[in-house]
Amino acid sequence: MRIFKKPDGGFVQILGKERIKKWNAELPLLFIGYMRDNILPKYEDPSVRKAIEDYANEIMEEIAVPKLVEVLKGADQAARVKTSQSLEEISKKKPDMVKVASEYVTQLVSDNNKDVAKAAQNILKNIDRAEKKKQYASKRKTMQELDRKLAKGEVTDAEYMKLRKEYLKLEDEIGPEE
Amino acid sequence: MIGIGEKMSTKTTAKRPAKKIAKMADDNARKDILRGLLKKTRFDKVRSMLEFNLQAGHAQDLQLPDGTVQIDDVDNSEAHSRLHMIIDSVIDQILTSGRPSVEVPKRSSSNIIYDEKNDLLLLGQETAIKAFHSLSSVTDITRLARVVQIIHDLLTEGIHGTKREIFYSDVDLFEEQGNSDAVIEDASALLHTTRNSTNIVASAKGVCIGRLRLRDKSDIIDCESLGSGGWGISPMLDNIEILESDAEFVLVVEKDAAVIRLTEDRWWKKYPCIIITAKGAADIATRMFLRRITKELRLPTFTLVDSDPYGHYIHSVYMRGSKRLSYETPFLATPNIHLLGVLARDLDEYKVPQKCRLKMDVQDIKRAKEMLDEEFIKNNKPWKEDLELMLARKEKAEIQALSQHGFKYLTDDYLPMKFSTGDWI
């Protein structure tokens, strides 16, 4: 276990890297997501949070990404399909988690194995969609401000129309919620 | 500490004389001071035990004494290969002598050795020959061969079977579950593996609640957020991995009723711990899981059992294993576990009223005497003294007897006091 000391004298113990190395290719990524979403928020002290976050990054760089790349570049077609499909599943729920592997996933879009290529396309689509959702959320705030400015006559019709068009285009690209 | 009368005081103050009210105020003030001290000093002893364990580094692998059988907790492929070696040997015997047999470590009490150094009950090296051409052992060996075949199937498919399912897979042959259960244990001993390594599991009844995060295959389980029921300890522990914990100790509780009290108070939030119960006698999965936690997280571990010989026996099983499963002891026992309570001496110390104490019956007295005869009790002076006190008084009490002082007495007073004073065996 990796041990982190808390300022109150207590300890946090997190599974060591040696054990994580033995996991299936997609599991370390899931664990990092769990650490970031569920473990980090529990500890208020910034030094503990930073130490745990650094450890999550170490796992990501030293285990999660190399493991995925190794399997996806490997010759075992069944393992490649399984891993790419597992990644696709993760990308549906937590697209940010697989973003780190997007460089390798992009290369798989033209893969000879149709199942791998299809999963890769879907992963990229999910990452892209998530990115656009973030942009959309940010633009929505801007649009609310713009609506107010338009009502006050602080923005021209042409300027408003231009930004409104971009906003609606983004909304269209995201599509309905699944 | 608070008495029974004090709990009722708020409702009856008007009728009480001024002197009595003043005394109660004093008691309450004393109690507040005590609680303040507890907050400052609570668990300092437990925390230093944890610090010591963590600094000591990884637990050393157990060195078994000469004359005992080495049992391993192995993965699927190793179990498979051991099984094939046994079968190959039987086939060789058929081809060479035509009279095959297997040599199974004896599991009878005569072959159980108390390892004083490690404080464990272990299996000795005596073996029994089970031959196909002997009327006395042909039934046994046929059943054993059938179980070995089932184990092979389970390992090949990578699935688990329960003891009950094994019995129902060939009712005509096994006749009753006691027979198939015994043969399952023989098969594990034959392969020199834990039973879990054979993918045969028993249904588990243990529950775990508190500051622990686990992985069950690809599912992550947070033992803090599973409601009041907690996580039902899986018998398929080979699928379980400890991911994260900020617990500082483990509390093993005999009674589910006491766990309900602790759960309702979300006790682990205030006192960083993992709570485990097997709801009575400890089953294999719970013992194995407890051992795993204490070994990997190196947490100090305590038991809270009834103040009776059976409670002490349950503690002893967690500590050094049972005679029946002595061959698996190194994988089931938690030798560093401490008996926190309820000790016989606690009954006076914590003023458990006479009406809540029960008379020990003949069975209790017999069990207490048997326990006092055990080497591991003789070697543990405080434990021996507590059992002797229990036997001298012929009194016992359940954990729930403490609730005479109030429903929250266990969580707010008894346990914090025991931990802060280091009053355990």
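Q: Is V100(A) buried, exposed or partly exposed, and why?
A: V100(A) counts as partly exposed because it has 16 C-beta neighbours inside 10 Å. The cut-offs: buried takes 20 or more other C-beta atoms within 10 Å of a residue's own, exposed takes 12 or fewer, and partly exposed is in between, with C-beta atoms placed from the backbone.

Q: Before we go on, what kind of model is this?
A: This is a predicted model, where local features need pLDDT of at least 70, side-chain atom pairs count only at pLDDT 80 or more, and totals for chains, interfaces and linings use all residues. Residues are numbered from 1 along each chain as its sequence is written, while chains are lettered from A and ligands numbered from 1 in the order in which they are written.

Q: OK, back to V100(A). Where does it lie?
A: V100(A) is in the loop between helix 5 (95–99) and helix 6 (102–108) of chain A. Helices here are DSSP runs of H or I with at least four residues, strands are runs of E with at least two, and both are numbered from the N terminus.

Q: And what is V100(A) in contact with, leaving aside neighbours within four places in sequence?
A: M60(A) and V65(A). Contact means that the C-beta atoms, placed from the backbone, lie within 7 Å.

Q: How far apart are V100(A) and M143(A)?
A: They are 31 Å apart in space, C-alpha to C-alpha, and 43 residues apart in sequence.

Q: Switching topic: how many residues of chain A are in contact with chain B?
A: 16 residues of chain A, in contact with 16 residues of chain B. On the chain A side, strand 2 (11–14) and helix 2 (27–39) each supply at least two residues. Helix 2 of chain A has the largest share, six residues.

Q: What's the make-up of that side by class?
A: Eleven nonpolar, four polar and one charged. Nonpolar covers Ala, Val, Leu, Ile, Met, Phe, Trp, Tyr, Cys and Pro; charged covers Asp, Glu, Lys and Arg; the others, Gly among them, are polar.

Q: Which strand of chain B does strand 2 of chain A join?
A: Strand 11 (residues 240–245) of chain B, through two bridges, and the two strands run antiparallel. Strands pair if DSSP finds at least two bridges between them. Q13(A) has S245(B) as its bridge partner in strand 11 of chain B.

Q: Now chain B. How is it divided?
A: Into domain 1 (76–201) and domain 2 (203–421), with bounds from an automatic or database domain assignment. Their centres, taken over C-alpha atoms, are separated by 32 Å. The contact takes 19 residues from domain 1 of chain B and 20 residues from domain 2 of chain B.

Q: How much of chain B counts as buried?
A: 40% of its 425 residues. The secondary structure of chain B comes to 18 helices and 17 strands.

Q: And how many residues has the largest nonpolar core?
A: 115, and C208(B), V250(B) and I275(B) have the most contacts inside this core. A nonpolar core is a set of buried Ala, Val, Leu, Ile, Met, Phe, Trp, Tyr and Cys residues joined through C-beta atoms within 7 Å. Helix 3 (residues 46–73) of chain A gives the most, nine residues. Domain 1 (76–201) and domain 2 (203–421) of chain B both give residues to this core, so it lies between them.

Q: What about a second core?
A: The second, separate core has 23 residues, including I141(B), I150(B), L154(B) and L190(B).

Conventions. Two residues are in contact if their C-beta atoms, placed from the backbone, lie within 7 Å.
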